[in-house]
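Please look through the sequence and the structure shown below.

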Amino acid sequence: METIKLSAFRIKNFRSIIDSGWRSLANDGITILIGQNESGKTSVLEALQSFFDNMLLEDVLRSDNSLPVVSCKFRLEDKRTVVDLLDKKMLENEVFSILKEQKEFEITREWTSSQTNTLYISTADVHSFYSQKIEAQKLLEEKSKKEIESLLGDTDSLIKKLDAAEQEKTETQNELSAKRKELEQKQKALRRAKKPDQKLIAEKELDTCSREYKLFEDDFTQKLEIFEQLKNRTQELSEKISIGKLYQGLLQKQELLKGYLADCNNKISDLEHLYEISTHEKDKKGVLQKIHQQKQELSKLQQEIHSVDEQTRLQMFIATKVFNAGTRLKQAETEAQKEIFKLDKFFDMQRIGESLFKYIPVFEFFEDFSGLLPNKIDLEDILNENHHAEGYKAALNFLKLAGLEPSFFREKNHRILKQRIECLNSDITINFHDYWSQNVGKDNRIKLHFELEHYDYTVPEKSGKPYLEFWVKDNQERLYPKQRSRGVRWFLSFYLELKAAATRNNTNRVLLIDEPGLSLHARAQEDVLKVFEDLKTKMQVVYSTHSPHLVKPEKLYRILAVQRANESDDTSETLVLDPNSLSEASADTLSPIYSLMGIRLSEQQFIRSEKNIIVPDQISYYYLTYLSKIYPDMGDVTFIPATGIHTIPSLVNILSAWQVKYGLLLLGSNVDKVIEDLHYNSLLSKSGNSILHLKEFEIVEDLFSAIDFKKLILLQRIGITEKNSEFIAVNGLSRNILATNFVNNFNDAKFSYNDLDESTKENLEKLFAGIKKIL
């Protein structure tokens, strides 16, 4: 079966979450968010849903105006690689080479406003390849922009010089023309002169005028040359100037349109807020119409922006070639169009992201599970798929689980039809009992039934028409779904929705569930977990909870702890801690786990009249309980956990009052104060009980050799030179998770006492021999 699973997520700038970091989902299909109220658990679920459905509510936006970024990693769990999900012809060679062996891909949805976002592949190597291309293009664009700005700045100066040169040329030309007329008059005067003295004077005046004319002529030639040079320079730059002015105009238009887009988005947000606070249906309808109109404007604006962006892109490619390569305009236009066509032939980050998005699981946020099963629904509404009919989806889920098609109700023989329905009722009840273990009263078990009935004369407008009627029955009462308790109604809705989801053709789903089973009894909450366990092979489940009944102690790897950075400040950022970091979580955050351990212990009725050993904490309890089962001839010993060494005196006092025989196991060198208090208060001497104090073992994990610690607990092959307790502390490892690894190995029968290292056996011999002695 072709399957793609959500493997990890990262959430940024979503309500109180600034950056969750990458957080992995549990491999077995169930991931649990634990934490106090207002810690941010629901925000995690809503962010994942926003990633999938492309919807962003205004109240998720942060006050610092940073916009959400949600990234998800997906893992292929079949023979395909990522490249098999894409059209290979549309991938550049470098991208194809990166993706052809990869079984995991990463997609990011990044909001650019409350109404708009981009979806793109963010797998590291692919993102790096495209980022380098984008950066190289940006450098070319920046270079061209600077040259355009410089050119247009120089052009203003050049045009001013050309205007001044033209004016000077014209003025000099006029002066030269005047001087030429004067020269012509002097020449005429010389020709008219008859007397020698007159000729002498005329010759002198002509000579003076000729020299002056020559000066004017040289000056004009020089100014004409300057003008022609400036004119030629201007003509040479005319192509670049026109490109630069057109490009700058497009950039200005882009900025203008961006402003219009922001205004349009703000108007839509304001109208949506107005719709939410409107109380009258007429007002809501009017606001809804305005929202529709504004969204039409938004759509037109986005189309115009896209068109201007394409024009700007083409103009930038042309400018880059003209300014950086010296290409002529016509040739640059042709080359730019060919280059853009070639680029558009291949996928970019957005198109790869959008293509991969089609294959990811469906994310479904279950909050109220589409309402309750109705008391009755017209068969016509079912057959006509009337989604607005009360309880339509819940009724459809019920019938889907019964395996019914619309043709089923076309059977004309009512006796046969009712008989078939009775058989189906039996099947549905049996299936429901697989998950609902609660009794009503002492022995009764509730049953689900539906019947086909017809309206009578009391409903004249529907008389004779068929309808389905639903019942939740026990041995004493037959009640409509709405007449049952809130807990039964919730679980019934939950059961129908999830089981129906599992029967759909596309079962590749991620179910996001916020606080399931709040209204249920503890045992019924365990029934919820039973449904999750049944569905985990068909779909992934991510849910938040405070309840210890929805957490399995041996599967703490499923947990993500959610808490505020400063737990006394509800405005501080949300942290999401993975299983390996649970040691950093506060006691309040981990309260479901601590409660869980206490619940499991209390269910065992473990305190006996003798052969009891008090141990410092729950983690020691789990290790020692399982180790005692494989240690030879250990006999029947019960371990009783305290909740830390500081609580040991109180526990000793209680057990002494109950006259219970017990021994006390203490580890490490930091327990002298406890021993002193016990002796000071004569708690041990009064009862005749003894202490086994093993100073060389700081915590119970130190009983294991480095070899066994790595093999059975750490599950890693690495070099360890220090004590196990020091290694745990230095690396900030979660002792709860490590204990879970050990318990799972034990339950899977992966080792026996003979498989343990000799050093471990020596430590256990010392431990259990000491326990036998004090007992």
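## Two residues with positive phi

Glu 38 sits in the loop that runs between β4 (30-34) and α1 (41-53). In this predicted model, the phi of Glu 38 is positive, about 65°, although the residue is not a glycine. Most residues other than glycine have a negative phi. Glu 38 has a relative accessible area of 57%, and because a value over 50% counts as exposed, Glu 38 is exposed.

Asn 13 also has a positive phi, near 55°, and is likewise a residue other than glycine. Asn 13 belongs to strand β1 (residues 4-14). Is Asn 13 buried or exposed? Its relative accessible area is 17%, and because the limit for buried is under 20%, Asn 13 is buried.

## Domains of the chain

The domain assignment divides the chain into domain 1 (1-122 + 349-361 + 506-584), domain 2 (135-346), domain 3 (370-503) and domain 4 (607-774). Taken over C-alpha atoms, the centres of domain 2 and domain 4 are separated by 85 Å.

A distance between two single residues can be given as well. Gly 403 is in the loop between α9 (392-401) and α10 (414-433), and Gly 403 is exposed, with a relative accessible area of 55%. Thr 638 is 235 residues away from Gly 403 along the chain, and the C-alpha atoms of these two residues are 51 Å apart.

## Nonpolar cores

In soluble globular proteins, nonpolar side chains tend to be buried together. The largest nonpolar core here has 58 residues. Which of its members touch the most other members? They are Phe 450, Leu 498, Phe 532 and Tyr 543. Helix α11 (residues 486-503) gives the most to this core, namely nine residues. At least three residues of the core come from each of domain 1 (1-122 + 349-361 + 506-584) and domain 3 (370-503).

Leaving out residues up to four places away in sequence, Tyr 543 touches Ile 30, Thr 31, Ile 32 and Leu 33, as well as Ile 513, Pro 516, Leu 529, Phe 532 and Leu 550. Another core, of 49 residues, lies apart from the largest one; among its members are Leu 6, Leu 48, Ile 121 and Val 576.

## Two helix contacts

Two packed helices are described by the angle between their axes and the distance between the axes. For helix α18 (residues 706-714) and helix α20 (residues 735-747), the axes come within 8 Å and cross at roughly 85°. This makes α18 roughly perpendicular to α20, because angles of 65 to 115 degrees count as such. On the α18 side, the contact is made by Phe 709, Lys 711, Leu 712, Ile 713 and Leu 714, and on the α20 side by Leu 738, Asn 741, Phe 742 and Asn 745. The residues of this contact of α18 with α20 are six nonpolar, two polar and one charged.

How do helix α14 (residues 618-630) and helix α21 (residues 758-774) cross, and at what angle? Their axes come within 12 Å and cross at roughly 95°, so α14 and α21 are roughly perpendicular to each other. Leu 624, Leu 627 and Ser 628 of α14 make the contact with Leu 764, Leu 767 and Phe 768 of α21. The residues of the contact of α14 with α21 comprise five nonpolar, one polar and no charged.

How values were computed. Residues are numbered from 1 along each chain as its sequence is written. This is a predicted model: local features need pLDDT of at least 70, side-chain atom pairs count only at pLDDT 80 or more; totals for chains, interfaces and linings use all residues. Side-chain values use heavy atoms; hydrogens and water are left out. Axes are lines fitted to C-alpha atoms, for helices over the stretch in contact, and angles run from 0 to 180 degrees between N-to-C directions. Helices (H or I, at least four residues) and strands (E, at least two) are DSSP runs, numbered from the N terminus. Angles under 35 degrees count as roughly parallel, over 145 as roughly antiparallel, 65 to 115 as roughly perpendicular and the rest as oblique. Contact means heavy atoms within 4.5 Å. Ala, Val, Leu, Ile, Met, Phe, Trp, Tyr, Cys and Pro count as nonpolar, Asp, Glu, Lys and Arg as charged, and the others, Gly among them, as polar. A nonpolar core is a set of buried Ala, Val, Leu, Ile, Met, Phe, Trp, Tyr and Cys residues joined through side-chain atoms within 4.5 Å. Buried means under 20% relative accessible area, exposed over 50%, partly exposed in between (1.4 Å probe, protein chains only). Domain bounds come from an automatic or database domain assignment.
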